[in-house]
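Subject: Structure handover and findings

Hello,

Here is the structure you will be taking over. Please open it and keep it beside this email while you read.

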Amino acid sequence: MKGVSGLPTPSMEDYLEKIYLAIDQKGYARSVDIATSLDVSPSSVTKMMQKLDEAGLGIYEKYRGFVLTEKGTKLAKRLVERHQMLEDFLHIIGVQEENIYEEVEKLEHYIGFETALCISTLLEFFEDNPSILDAYLKYREKQQKGE
Ligand code: CO
């Protein structure tokens, strides 16, 4: 399956993230909005909403939009948190800002929750030990300068 941009269709996880964010911000998720934010056709969104409905993650009603079930909300919230956590992680280790979003979009679907938990612990560790993060960043700078 291909999206309108020619790239592979964003996965169910991406839809869940966007739907969750839309509901969080506006109280509802419209196919058109989700289609725009994922750069896919509205009919792909409709298809995915039906799939999510079948999976018990949401309720799709043709003329009334889409809502997440409790199970769907829980899962989507975890996905959104994982996305944010990975953005923070890439930011903290020094990945260039303009590359972070795209990198996270790739990474997030391949790491398991165990790895995500370890990364989140590492983030907390850096937060509690800023001097260690500082030492890493200085080291990294040196490496990049080729010293
Ligand atoms: Co994401």
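What covers the buried residues of H3? The cover includes helix H1 (12-26), helix H2 (31-38), strand S1 (58-61), strand S2 (65-68) and helix H4 (70-92). One caution before the rest: this is a predicted model.

**Overall picture**

The protein chain holds seven helices and two strands. Their order from the N terminus is α-α-α-β-β-α-α-α-α. The C-alpha trace spans about 60 × 35 × 25 Å along its principal axes. The chain has 147 residues, and 19% of them count as buried. Take the contacts between residues at least 6 apart in sequence: 47% of these join residues at least 24 apart.

On confidence, the chain averages a pLDDT of 88. A score of at least 70 is reached by 93% of the residues. Residues 1-9 fall below 50. That stretch still has 14 contacts in the model beyond near neighbours in sequence.

**Two domains**

The domain assignment gives domain 1 as 12-73 and domain 2 as 79-145. Domain 1 puts five residues into the contact, and domain 2 puts in four residues. The C-alpha centres of domain 1 and domain 2 lie 28 Å apart.

**Helix H3**

Helix H3 covers residues 42-54. Its length checks out: at 1.5 Å a residue, the 13 residues should span 18 Å, and the end C-alpha atoms are 18 Å apart.

Which residues of H3 are buried? They are Ser44, Val45, Met48, Met49 and Leu52. Seen down the helix axis, the buried residues of H3 fall within an arc of 140°, so they line one face. The spacing has a simple background. An α-helix has 3.6 residues a turn, so residues three or four places apart point the same way.

The face of H3 turned away from the buried side carries Ser43 and Glu54, both exposed. Just after H3 comes glycine 56, with a positive phi of about 75°.

**The core**

The largest nonpolar core has 17 residues. Those that touch the most other members are Tyr15, Leu16, Ile19, Ile34 and Ala76. H1, H2, H3, S2 and H4 each give two or more residues to this core.

Look at leucine 16 in particular. Leaving aside neighbours within four places in sequence, leucine 16 is in contact with Gly72, Leu75, Ala76 and Leu79. As background, nonpolar side chains tend to be buried together in soluble globular proteins.

Is leucine 38 buried or exposed? Leucine 38 counts as buried because 21 C-beta neighbours lie inside 10 Å, and the cut-off for buried is 20 or more. This residue is found in helix H2. Leucine 38 is 76 residues from glutamate 114 in sequence, and their C-alpha atoms are 27 Å apart.

Aspartate 39 sits in the loop between H2 and H3. Aspartate 39 counts as exposed, with 12 C-beta neighbours inside 10 Å. Its phi is near 55°, a positive value in a residue other than glycine.

**Helices H6 and H7**

How many of the 16 residues of H6 are buried? The number is zero, so H6 lies largely in the open. H6 runs over residues 113-128.

Asparagine 129 is in the loop between H6 and helix H7 (130-145). Asparagine 129 is exposed, with 11 other C-beta atoms within 10 Å. From asparagine 129 to alanine 116 is 13 residues in sequence and 20 Å in space, C-alpha to C-alpha.

Lysine 138 is found in H7. With 10 other C-beta atoms within 10 Å, lysine 138 is exposed. Lysine 138 and leucine 122 are 16 residues apart in sequence, and their C-alpha atoms are 18 Å apart.

Over to you.

Best wishes

Methods:
Residues numbered from 1 in each chain as written. Predicted model: local features only at pLDDT ≥ 70, side-chain atom pairs only at ≥ 80, totals over all residues. Helix = DSSP H or I, 4+ residues; strand = E, 2+ residues; numbered from the N terminus. Expected span 1.5 Å × (residues − 1). Arc of directions from axis to C-beta. Contact = placed C-beta atoms within 7 Å. Core = buried A, V, L, I, M, F, W, Y, C linked by C-beta atoms within 7 Å. pLDDT = per-residue confidence, 0-100. Domains from an automatic or database assignment.
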